[in-house]
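Hello,

Here is the structure we spoke about, with my notes on it below. Please look it over when you have time.

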Amino acid sequence: MTVLVTGAAGRIGTALQSRLPGFGWEVRWFDRASVPDGIVGDISSSDDLDAAMRGATAVVHLAGLPTEARWEQIREANIDGLVNVFEAARRAGVRRVVYASSIHAVGFQPDTAGLPADSPPRPDTLYGVSKAFGETLGRYYADRYGLRVACLRIGTFEDRPRHVRTLPTWLSPDDCARLVDACLRSDDLSYSIVWGVSANTRCAWNVDSGYALGYRPMDDAETYAGALPAAEDDPTDGLVGGGFTSPGFGIDEVTSRS
Ligand SMILES: NC(=O)c1ccc[n+]([C@@H]2O[C@H](COP(=O)([O-])OP(=O)(O)OC[C@H]3O[C@@H](n4cnc5c(N)ncnc54)[C@H](O)[C@@H]3O)[C@@H](O)[C@H]2O)c1
């Protein structure tokens, strides 16, 4: 079972490099930046993707822009590049895609207890719009072509939480690998949206969809809570997307900063 991981040189990809093989997967690492024993390629190139997908059974798609940017940049990486990845998977007969979505697909959702992982898109940024697009594209490939697709609404991926605000949304590197492994392994996956968060005491979201795929997170951000400085009141605290919902993440503001 060969798994292709795009975006392998990035923060999440690097964490997976040292963990995913331990779950028994044979992994092919792909990035436009070089990765030890990996393939250098670009998701804007169908040729690169066709070569990389040959013989693979699943794709973990991480490559792209991980934050807000100008629309042209978002579109190139997270829309056009994503379509290329799904199309290459279909052409190559790859039957399973694990897609790195984000909580910013639902950033303007009030942060309420029991919030389901598949709550309707309410993106907080153009980045979040691109992630909602990716989830919808995944739905299309699942329905039309029978691909098994897992969309991970990842919270805050870090070695350890660095701010009180991320205590509910933290995803540890080990849990990230557990989540990807569950999505690669599950016979019950057809199409699913899953929260990409650890077993955080302060996270009250409904994690049933991840549980149904066999995801059993083991880390809890609360372990680090005592060492973090208290957060000041922030008007964006009650929304899933936190600071990304603030006026500073508007289109004009981001354009003027870039
Ligand atoms: N880190 C987080 O907290 C977080 C949270 C939610 C979602 N995500 C999503 O997870 C994914 C990975 O995030 P990350 O933090 O590791 O990001 P990152 O920026 O560290 O890594 C992204 C990788 O993608 C590669 N890449 C970008 N464009 C490419 C292209 N055209 N062709 C080939 N490779 C390309 C980059 O070289 C980089 O190595 C992203 O899709 C991001 O949106 C991350």
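Which polar backbone atom is 2.9 Å from an oxygen atom of the ligand? The backbone atom belongs to Phe-157. Please keep in mind that this is a predicted model.

Asp-42 has a side-chain N or O atom 2.9 Å from a nitrogen atom of the ligand. Lys-131 places a polar side-chain atom 3.0 Å from a ligand oxygen. On its own the ligand has 830 Å² of accessible area, and the protein covers 88% of that.

As for the site, the ligand sits in the largest pocket. Strand 5 contributes the most, with three residues. In total, 24 residues surround the ligand, and the closest are Arg-11, Ile-12, Asp-31, Asp-42 and Tyr-127. By type, the shell consists of 11 nonpolar, eight polar and five charged residues.

Ile-12, one of the closest residues to the ligand, lies in helix 1. Its relative accessible area is 18%, so Ile-12 counts as buried, the cut-off being under 20%. The C-alpha atom of Ile-12 is 9.8 Å from that of Ala-63, although the two residues are 51 apart along the chain.

Tyr-127, also among the closest residues to the ligand, takes part in a contact within the protein. The side chain of Ser-130 reaches the backbone oxygen of Tyr-127 at 2.6 Å. Ser-130 is located in helix 4. Is Ser-130 buried or exposed? Ser-130 is buried, because its relative accessibility is 0%.

Most residues other than glycine have a negative phi. Where does Asp-37 lie? Asp-37 is in the loop between strand 2 (26-31) and strand 3 (39-40). With a relative accessible area of 82%, Asp-37 is over the 50% cut-off and therefore counts as exposed.

Best regards

Key: Residues are numbered from 1 along each chain as its sequence is written. This is a predicted model: local features need pLDDT of at least 70, side-chain atom pairs count only at pLDDT 80 or more; totals for chains, interfaces and linings use all residues. Side-chain values use heavy atoms; hydrogens and water are left out. A residue is near a molecule or strand if one of its heavy atoms lies within 4 Å of it. A polar contact is a pair of N or O atoms within 3.5 Å; within protein, one must be able to donate a hydrogen and the other to accept it, and residues adjacent in sequence count only if both atoms are side-chain atoms. Accessible areas come from the Shrake-Rupley method with a 1.4 Å probe; for residues, only the protein chains shown count as cover. On a 1 Å grid over the protein atoms alone, a cavity is a set of points where a 1.4 Å probe fits but cannot get out, and a pocket is an open set with protein on both sides within 12 Å along at least five of seven lines; lining residues have an atom within 4 Å of a point. A molecule sits in a cavity or pocket if more than half of its atoms lie within 2 Å of its grid points. Helices (H or I, at least four residues) and strands (E, at least two) are DSSP runs, numbered from the N terminus. Ala, Val, Leu, Ile, Met, Phe, Trp, Tyr, Cys and Pro count as nonpolar, Asp, Glu, Lys and Arg as charged, and the others, Gly among them, as polar. Buried means under 20% relative accessible area, exposed over 50%, partly exposed in between (1.4 Å probe, protein chains only).
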